[in-house]
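Good morning, colleagues. Please look at the model on the screen while I take you through several of its local features.

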Amino acid sequence: MAALTCSASDLQSLLGGAANATAAAEYICTRFVAISDHFVDTAYAVDNTYLLFSAYLVFAMQLGFAMLCAGSVRAKNTMNIMLTNVLDAATGGLFYYLFGFAFAFGSPSNGFIGKQFFGLESFPSPSFDYGYFLYQWAFAIAAAGITSGSIAERTQFVSYLIYSSFLTGLVYPIVSHWFWSADGWASAGRADGNLLFGSGVIDFAGSGVVHMVGGIAGLWGALIEGPRMGRFDHEGKSMALRGHSGTLVVLGTFLLWFGWYGFNPGSFLNILRTYGDVGSYYGQWSAIGRTAVTTTLAGSSAALTTLFGKRMLAGNWNVTDVCNGLLGGFAAITSGCAVVDPWAAIICGFVAAWVLIGCNKLADKFHYDDPLEAAQLHGGCGAWGIIFTALFAKETYVNEIFSGKPGRPYGLLMGGGGRLLAAHMVQILVITGWVSMTMGTLFWILHKFKLLRISADEEMAGMDLTSHGGLAYVYYDEHDDAMQKKSFMMTKVDP
């Protein structure tokens, strides 16, 4: 909000030749400026409160990830996957503070990597406050959480610590610098106006920056490790290793849905901004509401499409598949949530569901094992979301959000030409290449030093028992001695 101005000399002429006119004019202007400053302070407070609240919502998604992961693995690995989710947040917090935020948003810098604000030095600044750091940290650990799902149930604990530190401290921050920093070479908000294909990349909340990064990192980890024991039989036929709790899967899905209202609408970063005339009912608050609606519709469309699609293909109504389809719709709409109409979001979710189903078919064909379908969901649907934005971005919304450079390219199918699509294809290629080069190399090194996969005996017994001091649940086989059974136990049921 711009500060209001008052000139004592202009005001004095309006007071005429009255006694003490100069003193009265100066006093009025002094009070006027003080009130104006309070309005400016209030605007900063409102915007920072909005950003902090959004950061809390995004951080709450970690609980959703934890519940979803726990329900999607077998009971014998529950404590392991829950602990990795906790450590993604804790390790990410330290390394993003020391290096990650500086690499991502340390301006002034070059187009490749930031170089200011290490350890939040010289913070806060006119550009950033602490709330912005917290919000971006929540995004960074979300990317790390995606990767942990792909390599669940067979990965050494030390590998989680190494990859999480590397991803949140270097790999993810550099990608976010490219597409979100004012200095990034492909950023739609590049300060010097030198935009890629005249548009830059409109990855508003991170279908590419967050979801593709986490998904491709998980893809390489799972490929190098290989599938879990029993996932494919000796003839190569796919064998389902079902997660132990549909209840936790649904709980995690709803928590993620709730947190996505901070993930997508929160990416506006502020709320108190007008579009056009001051005093209008329409402003950034309206765009934020529209973004929440497009997010909801994309997820809902994907969930229903998955429900009926899997019914036709598999003959049953599967709650886990529907939850994953819903999340796939969210991952896809994340890129264009702020620049598309609600009707387009329904198309986005519909296609995202089939993208996920198709990616899962390919995964089975090539014996790729991902317990949470994280690479297929976040990588595949994230890539579709980037393409979708380049097809359906609306000119009006693009110009409102990126008001510094009117006349930008917008969606191809909306009459905006192909330059935005070209920029977005570049984004898909460079993210795939960068994450493959860095995370693929890291997982290969861990594999060569025998730090990646646990032994066959540990995998059969479960990591809760071999690495974490005991099982998350006390359960027994039907052949156990009845005298050893306790009052609250779970029975292990063979599929």
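Leucine 269 sits in the loop between α7 (246-263) and α8 (284-314); helices here are DSSP runs of H or I with at least four residues, numbered from the N terminus. The model is predicted, so local features need pLDDT of at least 70 and side-chain atom pairs count only at pLDDT 80 or more, while totals for chains, interfaces and linings use all residues. Residues are numbered from 1 along each chain as its sequence is written, and side-chain values use heavy atoms, leaving out hydrogens and water.

Leucine 269 is not a glycine, yet its phi is positive, about 75°. Its relative accessibility is 27%, so leucine 269 counts as partly exposed; buried means under 20% relative accessible area, exposed over 50%, and partly exposed in between, with a 1.4 Å probe and protein chains only.

Phenylalanine 197, in the loop between α5 and α6 (207-225), also has a positive phi, near 55°. Its relative accessible area of 39% makes phenylalanine 197 partly exposed. Most residues other than glycine have a negative phi, and most peptide bonds are trans.

Proline 124 is in the loop between α3 and α4, and the bond from phenylalanine 123 to proline 124 is cis, with omega near -5°.

Finally, helix α4 covers residues 130-150. Because 19 of its 21 residues are buried, α4 is largely enclosed by the rest of the structure.

Key:
Helix = DSSP H or I, 4+ residues; strand = E, 2+ residues; numbered from the N terminus. Expected span 1.5 Å × (residues − 1).
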